[in-house]
Structure formats: structure tokens, C-alpha cells
Amino acid sequence: MLGLGSLALLWPLAHLTGLSDAIGQLPTVLTLAAVVAVVWIGSVGLGRVPRPVLTLTLAGAVYGAFLVVLSRVFGMRPEVDGILAALVAAFELGRSTLLGFLAGLVSLAVRNLVARR
């Protein structure tokens with residue numbers, strides 16, 4: 001879960017390496033989201049993870065927590081502070097957890113498809 005959640009580190013890496021400046025903000029977001037989804041679904045769906053939905057739900061929560069911390073450390077939204085920052089953090093954590101849950105369902109479907117063959 002920690003390893004999958006640590007893929008959130010791709011965001012600051014894309015900014016530090018200049019990838020987001022080179023290809024643009026929207027392509028960077030779409031590319032990184034696709035990379036994370038493929039790694040999560042592929043590794044859990046094709047691996048021997050005992051509880052894929054729970055694993056990716058928790059990985060999503062870890063991912064969201066990393067994003068919240070990284071946002072504060074790198075000052076990505078300096079105008080957001082106080083209660084608004086707490087709301088943004090709660091939204092990010094909830095969104096990432098939900099996306100992890102959905103990825104877990106897809107990885108379970110992948111596992112079932114592979115097992116039939």
C-alpha cells in the first residue's frame with residue numbers, strides 16, 4: 001500500500017524535471033493519472049494480492065495523504081489556509097480513496113478475467 005501510494009511523488013517530480021512545462025499542465029495530469037492507474041490495476045490485478053479492493057482503497061488513502069503533505073511542503077496552493085486548507089485536504093483524501101476503491105474493483109475484474117483463461 002505504501003509503495004503504490006508513493007506514486008504521488010510523481011507529481012512534484014514532473015514539476016522538478018520540467019515535464020509539466022514541456023508538455024503542458026493538462027497532458028501532465030492525464031499522463032500521470034494514467035500511469036498511476038495502469039500500475040495500480042496491473043500490479044494488483046495481475047499479482048497475487050489477497051484483497052485487491054481493500055489494498056487499492058488503502059493505497060488511495062495513502063496517495064491522498066502524500067498529495068496533501070506534498071502540497072503543503074512545496075507550497076502548491078499558498079492561498080489556501082486554515083479551514084479551507086482542511087476542507088481541501090479532506091476532499092483530496094476522500095477523492096483519492098474513492099479512486100483507489102474504483103481501481104480495486106477494476107483490478108478484481110482483471111483478476112477474474114485472467115483466472116478464467
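Q: Helices here are DSSP runs of H or I with at least four residues, strands are DSSP runs of E with at least two, and both are numbered from the N terminus. So where is phenylalanine 66 found?
A: Phenylalanine 66 is found in helix 5.

Q: Before going on, what kind of model is this?
A: This is a predicted model, in which local features need pLDDT of at least 70 and side-chain atom pairs count only at pLDDT 80 or more, while totals for chains, interfaces and linings use all residues. Residues are numbered from 1 along each chain as its sequence is written, and side-chain values use heavy atoms, with hydrogens and water left out.

Q: Ok, back to phenylalanine 66. Is it buried or partly exposed?
A: Phenylalanine 66 counts as partly exposed because its relative accessibility is 29%. Buried means under 20% relative accessible area, exposed means over 50%, and partly exposed is in between, with a 1.4 Å probe and protein chains only.

Q: What is phenylalanine 66 in contact with?
A: Leaving aside neighbours within four places in sequence, phenylalanine 66 is in contact with Leu2, Gly5, Ser6 and Ala8. Contact means heavy atoms within 4.5 Å.

Q: Zooming out, how many helices and strands does the protein have?
A: The protein has six helices and zero strands. Read from the N terminus, its elements run α-α-α-α-α-α.

Q: What box do the C-alpha atoms fill?
A: Taken along the principal axes, the box is roughly 50 × 35 × 20 Å.

Q: And what share of the residues is buried?
A: Of the 117 residues in the protein, 31% are buried. As for contacts between residues at least 6 apart in sequence, 75% join residues at least 24 apart.

Q: Now helix pairs. What describes two packed helices?
A: The angle between their axes and the distance between the axes. Axes are lines fitted to C-alpha atoms, for helices over the stretch in contact, and angles run from 0 to 180 degrees between N-to-C directions.

Q: How do helix 4 and helix 5 cross, then?
A: Their axes come within 10 Å and cross at roughly 150°. That makes helix 4 roughly antiparallel to helix 5. Angles under 35 degrees count as roughly parallel, over 145 as roughly antiparallel, 65 to 115 as roughly perpendicular, and the rest as oblique.

Q: Which residues meet there?
A: Val36, Trp40 and Val44 in helix 4 meet Pro52, Leu56, Ala59, Gly60 and Tyr63 in helix 5. By class, this contact has seven nonpolar, one polar and no charged residues. Ala, Val, Leu, Ile, Met, Phe, Trp, Tyr, Cys and Pro count as nonpolar, Asp, Glu, Lys and Arg as charged, and the others, Gly among them, as polar.

Q: What about helix 4 and helix 6?
A: The axes of helix 4 and helix 6 (residues 83-116) come within 8 Å and cross at roughly 45°. Helix 4 and helix 6 are therefore oblique to each other. The contact between them has eight nonpolar, three polar and one charged residues.

Q: Which residues make that contact?
A: Trp40, Ile41, Val44, Gly45 and Leu46 in helix 4 meet a set in helix 6 that includes Gly100, Ala103 and Arg111.

Q: How many residues are in the largest nonpolar core?
A: The largest nonpolar core has 17 residues, and Leu4, Trp40, Leu56 and Tyr63 have the most contacts inside it. Helix 2 (10-16), helix 4 and helix 5 (52-73) each supply at least two residues of this core. A nonpolar core is a set of buried Ala, Val, Leu, Ile, Met, Phe, Trp, Tyr and Cys residues joined through side-chain atoms within 4.5 Å.

Q: What does tyrosine 63 touch?
A: Not counting residues up to four places away in sequence, tyrosine 63 touches Leu4, Gly5, Leu7, Ala8, Trp11, Val36, Trp40 and Ser96.

Q: Serine 96: buried or exposed?
A: Serine 96, in helix 6, counts as buried because its relative accessibility is 2%. With residues up to four places away in sequence not counted, serine 96 touches Gly60, Tyr63, Gly64 and Leu67.

Q: Last one, what about threonine 28?
A: Threonine 28 is in helix 4, and at 2% relative accessibility it counts as buried. Not counting residues up to four places away in sequence, threonine 28 touches Trp11, Ala14, Leu19, Ser20 and Ile23.
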